[in-house]
Structures are given as C-alpha cells and as structure tokens.
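Please examine the model shown below. The briefing that follows treats its domains, overall dimensions, packing and one hairpin.

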Amino acid sequence: MGKSQEKEREERAEKAETAIRKIKVVLKQHKRPPLDKRKKLDRIKDILKRVPDRKQKILEIKETRNALAELDELLAFAAECDKDEWEDVPEVRTKPPKLGSKMSLGRDRIFNGSRSSVSWYKDTRARIIKKNARQHKGKIVCEDCNSVLELKEAQIDHIKDWARYQNNADLIYFCFDGWHFSGQLLDDIRAVYNDEDNLQVLCDSCNPSKSGKKGDDLNGPQPMYACPYGGSDECDWDKVE
Ligand SMILES: [Zn+2]
Ligand SMILES: [Zn+2]
C-alpha cells in the first residue's frame, strides 16, 4: 500500500470517528422522531452496529465497497447534522394534547361536545308545532298524554336522546398538535339536533328535560393516535387551528 493511500485511510477513519461522536449526540436527542426522520435514523443506527466508534478500530474494517459506502453515509449524515437540519425536528407525542373549545377546520367550527354550543334553527319550533296541529285536526296535542295545549304551552322534545343521534353526523378526521383526532362539525351536529323526524310536541309535565332527566353525554373530538410525523407538514391530514 502506498504512503498516500495510507494517509487517506487514516484521514477517513479520523473523520468517521468525529462523525460518529456527533451522530450519537443526535441519536440521543431524537428518541421519538417523526416517521420520515425515523427511517433515516434507523438506517444510521443499523450502520453503527457494523462500524466501531474508535479510529484505530475503524482502520481495521475490511474495505469492501459496501463498507466504504456505509462510512460515506455516516459522513454525509454528520454533515446534515452540522447544517442544523436536525435541530427543530419535532418528537412524536406519547399523550394527546388538550383541545381548545373553539377549534376550526378551515371555516367550519368543530363540535366541542358541549350541549350549550348547539341550538335550534329559527323555524324549527314553528314547523314542529304546525306538523303536530296538522295531525290533530288543527289542535296542538301533547304526543305523550294527549292533552290539548295552548301554543305557548307546547314544548319541543327530542324523541330519541339526541346524543344517540349524534352518529348521524359525518365524522371528520384531523391532525392537531402532533395527535390525530376524529370529530364532527358543529353545523352537522346542529342539523342532527334540528332533525324533524326526531322531534315531537310535549306538554310541560311530559317533557323529560323539564322533569330533571338528563340526556346522555355528548362526544367531542376523540383522540386516535400520535401523528407519525410529529404534527409537521409531512402529515397530509387536515390541520386544525
Ligand atoms: Zn303531556
Ligand atoms: Zn398528523
């Protein structure tokens, strides 16, 4: 082996030693990298299984084409680390973040699970009463005890607890702060709340919501799993604000 060739090997081993030291710091700092970065780190970890970290040992590696290519890969990765490309890489979450109560997907508000955020349409009450009167020869009748009611006595009631009706609204899926959620849009939930097929006229004493009976709880967005991309732009799920 010629002198210059030997010097070249020495230099390469020295560079590799420095690179590996740097890489090990980066590996320690990125325990749960997002999917796209994880693939890269897994590859580097795999190479490190075959490459010793001391210069003298590196010099003993049999210089096959494959071994040289792997050393080059380590050097290239260390250069990437130098350029701070690994500084702001997000971590994959282990727990879902807390959602705010007023979140939107584009222009659409996401239903936050609170009953108080849902309301009647302007004409729902009038339409239900009109329908009731049509079915009772012009009189407004309680659909439970059949007593005849004054207009102002008529109360609108959900036949099936409308929380169970919630499934009738489409599910949406979104990425928020490093976690994936399923949920529903407030407008869709409101349409379900106002679904005339599930509404009836009752008198005050037959109305369960007036007698203190509480309905089932409603569901806001449900956490699914950690965003594999740590919530970064690599993830193509809709982002929520
Ligand atoms: Zn009644
Ligand atoms: Zn995501």
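The chain is divided into domain 1 (3-82) and domain 2 (104-226), with bounds taken from an automatic or database domain assignment. Between the C-alpha centres of domain 1 and domain 2 the distance is 62 Å. This is a predicted model, in which local features need pLDDT of at least 70 and side-chain atom pairs count only at pLDDT 80 or more, while totals for chains, interfaces and linings use all residues. Residues are numbered from 1 along each chain as its sequence is written, and chains are lettered from A and ligands numbered from 1 in the order in which they are written.

**Overall dimensions**
- The chain has a radius of gyration of 32 Å, whereas a compact globule of 241 residues would have one near 18 Å (taken over C-alpha atoms; the globule rule is 2.2 Å times the number of residues to the power 0.38).
- Along the principal axes, the C-alpha atoms fill a box of roughly 110 × 30 × 25 Å.

**Packing**
- Of the 241 residues, 19% count as buried (20 or more other C-beta atoms within 10 Å of the residue's own, with C-beta atoms placed from the backbone).
- Among contacts between residues at least 6 apart in sequence, 79% join residues at least 24 apart (a contact requires C-beta atoms, placed from the backbone, to lie within 7 Å).

**Secondary structure and hairpin**
- The chain contains six helices and nine strands (DSSP runs, H or I of at least four residues and E of at least two, numbered from the N terminus).
- Strands S6 (residues 172-176) and S7 (residues 179-183) run antiparallel and are joined by five bridges (pairing requires at least two DSSP bridges).
- Isoleucine 172 stands opposite glycine 183 in S7.
- Two residues lie between the strands of this hairpin, where aspartate 177 takes a positive phi near 50°.

Conventions:
A residue is buried if 20 or more other C-beta atoms lie within 10 Å of its own, exposed if 12 or fewer, and partly exposed in between; C-beta atoms are placed from the backbone. Two residues are in contact if their C-beta atoms, placed from the backbone, lie within 7 Å.
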